[in-house]
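Please keep the sequence and the structure at hand while reading.

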Amino acid sequence: MDVRELHDHSTRVLDEIARSVVVDRAVLRRILTGALSQGHVLLEDVPGTGKTLTAQSFATALGLSFSRIQFTPDLLPADVTGTYVFDERDRSFEFSEGPLFANVVLADEINRASPKTQAALLEAMAEGQVTVDGETHPLPDPFFVIATQNPVEQGEGTFPLPEAQKDRFLVKDSLGYPDEEGELELLDRRDARDEPTPTVSSVLSTDRVREMQRVPETVRVDGEIKQYIVDIVRATRENPRVAVGVSPRGCQRLFEVVRATAAVHGRSFVIPDDVKAVVHATVAHRIVPTAEATVDNVERSQLVDDVLAEVSVPTVSRGERA
């Protein structure tokens with residue numbers, strides 16, 4: 001598969017998902033690039049914006065198996081990973097897979113689970129496997145976590161994700177409210193069907209998704225673009241309002257998402273606009289503001305804006321790279 005074929009498949013997937021959710025296409029594209037980069041996505045937004053429906057729609061459109069985990073304060077790690085169950089027929093213990101064993105896993109309201117249960121996701125997200133009672137069990141391939149959290153519930157009964165956990169997410173984004181036209185379209189769609197929830201059809205298969213995940217590895221990133229990415233990352237560490245900047249792992253993840261973004265647009269090379277399109281969603285949640293910046297209510301996105309304003313944008317000719 002080449003980038004043009006990936007672009008065609010991506011367009012079909014995004015078109016199908018757009019039939020069920022009224023969300024900015026750029027946001028849907030960033031979620032897709034997260035999946036193609038073999039990463040995980042964190043969606044933070046108020047209730048009722050379509051986070052759960054978006055996750056389900058992605059799984060269905062991509063032709064992948066889907067599992068939903070509703071995170072609650074009493075959820076245990078074994079409820080997520082699975083556990084050994086005694087089989088009386090042959091008097092032995094057999095591993096019973098938990099809901100993590102699916103291609104697309106929706107970790108719904110992840111900030112409502114205890115830190116111990118949140119940590120149970122770490123190995124799965126980082127290694128594609130879980131370890132239970134000393135035994136390692138591989139997860140399906142591909143494996144993609146979409147976690148959601150509601151910022152309005154950051155208080156009693158919630159457990160904010162630690163920075164190390166946030167860093168495991170390749171992309172952090174927000175669906176946001178639809179504009180007036182989008183909200184009217186939402187009502188028109190509901191009026192035109194007999195069921196509360198819209199349906200989505202599968203347009204791809206598991207094998208095809210695996211092929212698509214390999215395509216970004218063929219995308220060329222010239223030295224000027226690599227330097228641009230490094231300059232952005234290093235600028236986050238030097239900003240006086242940032243206590244902890246982007247790590248080397250975060251730098252590599254930005255590089256991977258940028259390549260996937262170019263591929264989704266049908267290009268075999270990266271341009272500066274690809275970096276700008278994903279830098280907020282890939283970098284902002286990896287930044288820790290200083291105490292003073294927090295007191296002043298400085299948003300992480302504003303810190304990213306400051307960094308972008310400081311870093312020189314390389315000039316790359318589309319014709320020379322075609």
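Q: Why is the pairing of Asp167 with Arg249 called a salt bridge?
A: In this predicted model, the closest N and O atoms of Asp167 and Arg249 are 2.5 Å apart. The rule asks for a side-chain nitrogen of Lys or Arg within 4 Å of a carboxyl oxygen of Asp or Glu, so the pair qualifies as a salt bridge.

Q: Which residues supply 32% of the area that domain 1 buries against domain 2?
A: The area buried between domain 1 and domain 2 is about 1800 Å², with 57% of it given by carbon and sulfur atoms. Val3, Asp167 and Leu170 supply 32% of what domain 1 buries against domain 2, which is more than any other three residues.

Q: What makes up the two domains, and how many residues does each bring to the contact?
A: Domain 1 covers 1-192 + 201-207, while domain 2 covers 218-308. The contact takes 19 residues from domain 1 and 22 residues from domain 2. Between domain 1 and domain 2 the count is 2 salt bridges, and the rule for polar contacts finds 7 residue pairs across this interface. Helix H1 (3-18), helix H2 (25-36), helix H6 (163-166) and strand E9 (171-173) each supply at least two residues of the side of domain 1 that touches domain 2, and the largest share, 5 residues, comes from H1. That side of domain 1 divides into 6 nonpolar, 4 polar and 9 charged residues.

Q: What makes the salt bridge of Asp173 and Arg30 a link between parts that are 143 residues apart in sequence?
A: The closest N and O atoms of Asp173 and Arg30 are 2.5 Å apart, and the cut-off for a salt bridge is 4 Å.

Q: Why is Glu16 called buried, whereas its salt-bridge partner Arg19 is called partly exposed?
A: Glu16 has a relative accessible area of 11%, and because buried means under 20%, Glu16 is placed in that class. Arg19 stands at 47% relative accessibility, between the 20% and 50% limits, so Arg19 counts as partly exposed. The closest N and O atoms of this salt bridge are 2.6 Å apart.

Q: Is Asp306 buried or exposed, and what does its side chain contact?
A: Asp306, in helix H13 (residues 300-310), has a relative accessible area of 18%; the limit for buried is under 20%, so Asp306 counts as buried. A polar contact of 2.4 Å joins the side chains of Asp306 and Arg241. Leaving aside neighbours within four places in sequence, Asp306 is in contact with Asn239 and Arg241.

Q: What makes Ser20 a buried residue, and which residues does Ser20 touch?
A: Ser20 is found in the loop between H1 and H2, and its 5% relative accessibility is under the 20% limit, so Ser20 counts as buried. The side chains of Ser20 and Ser57 make a polar contact of 2.8 Å, which meets the 3.5 Å cut-off. Not counting residues up to four places away in sequence, Ser20 touches Leu53, Ser57, Arg189, Pro198 and Val200.

Q: Why is Asn297 called exposed, and what is its phi?
A: Asn297 has 63% relative accessibility, and because exposed means over 50%, Asn297 counts as exposed. Phi of Asn297, in the loop between helix H12 (291-295) and H13, is near 60°, a positive value in a residue other than glycine. Most residues other than glycine have a negative phi.

Note on methods
Residues numbered from 1 in each chain as written. Predicted model: local features only at pLDDT ≥ 70, side-chain atom pairs only at ≥ 80, totals over all residues. Heavy atoms only, no water. Domains from an automatic or database assignment. Contact = heavy atoms within 4.5 Å. Buried area = accessible area lost by both parts, 1.4 Å probe. Polar contact = N/O pair within 3.5 Å; in protein donor to acceptor, adjacent residues only side chain to side chain. Helix = DSSP H or I, 4+ residues; strand = E, 2+ residues; numbered from the N terminus. Nonpolar A, V, L, I, M, F, W, Y, C, P; charged D, E, K, R; others polar. Buried < 20%, exposed > 50% of the residue type's maximum accessible area, 1.4 Å probe, protein only.
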